[in-house]
Amino acid sequence: METAVTQKHKFLILFFNMIRISAFTFGGGFVIVNFMKRTFVDKLHWLDDDEMMDMIAIAQSSPGAIAVNGSIQVGWKVGGFIGMMVAVLGTIIPPMVILSVISLFYKAFATNLYVSLVLKGMKAGVAAVILDVVCSLGGRVLKEKSWFGDFLMAAAFLLVFFLDCNVVFVILGAALIGAVKYLVMGRTK
């Protein structure tokens with residue numbers, strides 16, 4: 001059993017990691033997921049890959065921001081209700097501060113050529129990080145050598161990329177198919 005000091009230390013680590021991740025990731029939830037994995041799976045070893053994959057799936061299929069949904073999942077796993085509150089607070093503070101400052105100086109930011117160029121450059125970086133997430137998660141699915149997982153991933157890609165199907169419907173459909181498979185066949189591959 002962890003001592004109170006150790007638990008407080010863990011909450012501080014969780015809080016400051018969530019602030020760091022939230023403050024320095026641009027591009028939305030798909031970008032933050034990669035940094036959460038690197039921090040909580042690879043570096044701190046508080047979660048394993050399968051737990052993180054499940055948390056990402058839940059965060060993406062739940063209403064709301066993926067970053068906040070993911071922090072709820074990680075915080076709950078790490079420290080229950082208090083961990084969840086600490087993680088969410090760490091996640092929402094940076095955007096709230098940044099947006100508050102930007103709103104004060106909106107006219108200056110909106111017309112500034114350098115700000116515009118920086119934002120355009122950041123788009124390329126965000127695209128690279130999202131591609132990294134896709135390759136990492138997709139590679140993990142392929143390594144499982146499950147025809148079902150491979151088929152579902154390929155079908156989702158085809159529906160979204162070629163048929164311009166709404167991502168929400170693809171996620172809900174995949175969740176429904178996965179639930180039915182689990183109920184009918186159990187947790188086998």
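## Helix H3 and its buried face

In H3, the buried residues are Met52, Met55, Ile56 and Ala59. Buried here means under 20% relative accessible area, exposed means over 50%, and partly exposed lies in between (1.4 Å probe, protein chains only). Viewed down the axis of H3, the buried residues fall within an arc of 105 degrees, so they line one face of the helix. The arc is taken from the directions that run from the helix axis to the C-beta atoms. The cover over these buried residues includes helix H2 (29-43), helix H4 (66-104) and helix H6 (113-143). Contact is counted for heavy atoms within 4.5 Å.

This is a predicted model: local features need pLDDT of at least 70, side-chain atom pairs count only at pLDDT 80 or more, and totals for chains, interfaces and linings use all residues. Residues are numbered from 1 along each chain as its sequence is written, and side-chain values use heavy atoms, with hydrogens and water left out.

## Length and cap of H3

Helices (H or I, at least four residues) and strands (E, at least two) are DSSP runs, numbered from the N terminus. H3 covers residues 49-61, and its 13 residues should span 18 Å at 1.5 Å a residue. The end C-alpha atoms are 18 Å apart, which agrees. The expected span is 1.5 Å times one less than the number of residues.

Asp48 caps the N-terminal end of H3. One of its side-chain oxygens lies 3.1 Å from the backbone nitrogen of Asp50.

## Salt bridges between helices

How many salt bridges are there? The count comes to four. The rule asks for a side-chain nitrogen of Lys or Arg within 4 Å of a carboxyl oxygen of Asp or Glu.

Arg38 pairs with Asp132, with the closest N and O atoms 2.9 Å apart. Arg38 lies in helix H2 and Asp132 in helix H6, so the pair ties together parts that are 94 residues apart in sequence. Arg38 is partly exposed at 41% relative accessible area. Asp132 is also partly exposed, at 31%. Lys77 and Glu51 form another salt bridge (2.8 Å, N to O). Lys77 sits in helix H4 and Glu51 in helix H3, so this pair ties together parts that are 26 residues apart in sequence. Both ends are partly exposed: Lys77 has 43% relative accessibility, and Glu51 has 23%.

## A salt-bridge network

Which residues are linked in a network of salt bridges? They are Lys37, Asp42 and Asp49. The side chains of Lys37 and Asp42 meet at 3.2 Å, N to O. Lys37 counts as buried, at 19% relative accessibility. Asp42 counts as partly exposed, at 39%.

## Aromatic pairs

The count comes to six aromatic pairs. Rings of Phe, Tyr and Trp (its six-membered ring) pair if their centres lie within 6.5 Å; planes under 30 degrees apart count as stacked, over 60 as edge-to-face and the rest as tilted. Phe40 and Trp46 are stacked, at 5.9 Å centre to centre and 25 degrees between the planes. Phe40 is buried, with 0% relative accessibility.

Phe157 and Phe162 have ring centres 6.0 Å apart and planes at 90 degrees, so the pair is edge-to-face. Phe157 is partly exposed at 46%, whereas Phe162 is exposed at 55%. Together with Phe161, these two residues form one aromatic cluster.

Conventions: A polar contact is a pair of N or O atoms within 3.5 Å; within protein, one must be able to donate a hydrogen and the other to accept it, and residues adjacent in sequence count only if both atoms are side-chain atoms.
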